[in-house]
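I opened this entry to keep a record of what I looked up. The notes follow the order in which I went through the model.

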Amino acid sequence: MRKRQNRMLLVSLLVIGVSLASYLGLKAFNENLLYFLSPTDVAKGRAPKDKDFRLGGMIVKDSIEHDGIKVVFDVTDYANTFRVNYSGILPDLFKEGQGVITTGSLVDGVFMATEVLAKHDENYMPPEVADALEKAKNKQ
Amino acid sequence: MWKWIQTFASPKNFYQISQKIILWFLIPFIVLILIGLYWGLIVAPTDYQQGESYRIMFIHVPAAWMSMFVYLVLAISGGIGLIWRIKLAYVIAKVSAPIGAAFTFLALITGAVWGKPMWGTWWVWDARLTSELILLFLYLAYISLNNAFDNPKTASKASSVLAIMGLVNLPIIHYSVKWWNTLHQSASVSVNKVAIQDVDMLIALLLMGMAFKFLYGALMLMRARDEVLVIEQNSSWVKRVIMEHR
């Protein structure tokens, strides 16, 4: 009986020890684990100056301007906004009001992107429901 | 109670009882997967953003759920084996690992195939995708370690310790989309929130989720029966079973 309790204690210590180590490890690398920075992060100067980083946010309504394969649009987190410049193929879900993650660097306040990925949310619904929700939102 | 568990968990008893239990997993699996596929591919409506592509969710999400659920079974059985020295617990852990690895692989592959058209990329190193990949490596490490020893007892103990150490990865996978910015979206179905705004979509997903659970139960029991025969090969009851099947 005592031996079994000892083993129970050892297993619990193993779980606690590994959890603690992981917690400290993840806390130390917290910054590196962020896949992208928000416009506010960038405005506060958290973006690296000497290398590319990712900027993520929502595409501002009516901000997309196409010119051949070149495209310019605004990315916002509703507190700060950055203008993004990109030329290349866009993912299917790229449209106004949609989430987007761009890779590139800031040149004179404009984000020059080399890659654009679409980020969608966790909501799934048929188009009719989406329309109804949109209408209800506009009424408010 | 203790006595009862010990009798039930004896390999011989398990071998006899499990034969009937397998059907109780296999039949619900077949029924649920057929209804689930019908519901997911035909009844559930098109999504407002992703069109028909979202339907891969009905495989991707249950596979991802199972990848974590099976790991939980693996670690808990390993712990039970270590603490109470129950052979059957080690057997369940050992035979579950390849099944869990397969579910993880399926979740990663379906995710990549889904990510290419929707996000614009097969793979990114964000916290969710990376932690799920680590889960696959944990399964593979468990399987390798379990096969690395000549002595089955040492193998079970060592691999169980590894399984328990890897347990910390499960909350990381689950909360990765909350704790950090990720390309992967948050959970659509969780305890306090359901972001699937259509009943048929939700029913299809839950049917497929249940089907995968029963599939795991059936596969695990089938593999466990074989494994029990191997580890008990020198006992008289196994010899009798083999004689009967000659």
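This is a predicted model: local features need pLDDT of at least 70, side-chain atom pairs count only at pLDDT 80 or more; totals for chains, interfaces and linings use all residues.

**Helix pairs in chain B**

I began with α3(B) and α4(B), which pack at an angle of about 155° with their axes 7 Å apart. An angle over 145 degrees counts as roughly antiparallel, so α3(B) is roughly antiparallel to α4(B). I noted the crossing of α3(B) and α4(B) as left-handed. I then sorted the contact of α3(B) with α4(B) by class and got 19 nonpolar, 10 polar and no charged residues.

Next I took helix α2 (residues 11–43) of chain B and helix α8 (residues 199–231) of chain B. Their axes are 7 Å apart, and the two helices pack at an angle of about 155°. I therefore wrote down α2(B) and α8(B) as roughly antiparallel to each other. The crossing of α2(B) and α8(B) is left-handed. By class, I have 27 nonpolar, four polar and two charged residues in the contact of α2(B) with α8(B).

**Another partner of α3(B)**

I returned to α3 of chain B, residues 57–84, and looked up its packing on α6 of chain B, residues 152–166. The axes of α3(B) and α6(B) come within 8 Å and cross at roughly 135°. I recorded the crossing of α3(B) and α6(B) as left-handed.

I also listed which residues meet. On the α3(B) side they are Leu74(B), Ala75(B), Gly78(B), Gly79(B), Gly81(B) and Leu82(B). On the α6(B) side they are Ser156(B), Lys157(B), Ser160(B), Ala163(B), Ile164(B) and Gly166(B). By class, the contact of α3(B) with α6(B) has five nonpolar, six polar and one charged residues.

**Where the chains touch**

How many residues does the contact take from chain B and from chain A? I found 36 residues from chain B and 32 residues from chain A. On the side of chain B that touches chain A, α3, α4 (87–118) and α6 each supply at least two residues. α3(B) gives the most to this side, with four residues. I sorted the residues of the side of chain B that touches chain A into 22 nonpolar, 11 polar and three charged.

**Chain B as a whole**

I counted nine helices and two strands in chain B. Read along the sequence, the pattern of chain B is α-α-α-α-α-α-α-β-β-α-α. Along the principal axes, the C-alpha atoms of chain B fill a box of roughly 65 × 35 × 35 Å.

**Chain A as a whole**

I then turned to chain A, where I counted four helices and six strands. From the N terminus on, the order of elements in chain A is α-α-α-β-β-β-β-β-β-α. The C-alpha atoms of chain A fill a box of roughly 75 × 45 × 30 Å along the principal axes.

What is the radius of gyration of chain A? I have 22 Å for chain A, whereas a compact globule of 140 residues would have a value near 14 Å.

Last, I looked up how chain A is divided. The assignment gives domain 1 (2–31) and domain 2 (35–119). Taken over C-alpha atoms, the centres of domain 1 of chain A and domain 2 of chain A are separated by 40 Å.

Conventions. Residues are numbered from 1 along each chain as its sequence is written. Chains are lettered from A and ligands numbered from 1 in the order in which they are written. Axes are lines fitted to C-alpha atoms, for helices over the stretch in contact, and angles run from 0 to 180 degrees between N-to-C directions. A crossing is left-handed if the near helix is turned anticlockwise from the far one by less than a right angle, and right-handed if clockwise. Two residues are in contact if their C-beta atoms, placed from the backbone, lie within 7 Å. Ala, Val, Leu, Ile, Met, Phe, Trp, Tyr, Cys and Pro count as nonpolar, Asp, Glu, Lys and Arg as charged, and the others, Gly among them, as polar. Domain bounds come from an automatic or database domain assignment. The radius of gyration is taken over C-alpha atoms; the globule rule is 2.2 Å times the number of residues to the power 0.38. Angles under 35 degrees count as roughly parallel, over 145 as roughly antiparallel, 65 to 115 as roughly perpendicular and the rest as oblique.
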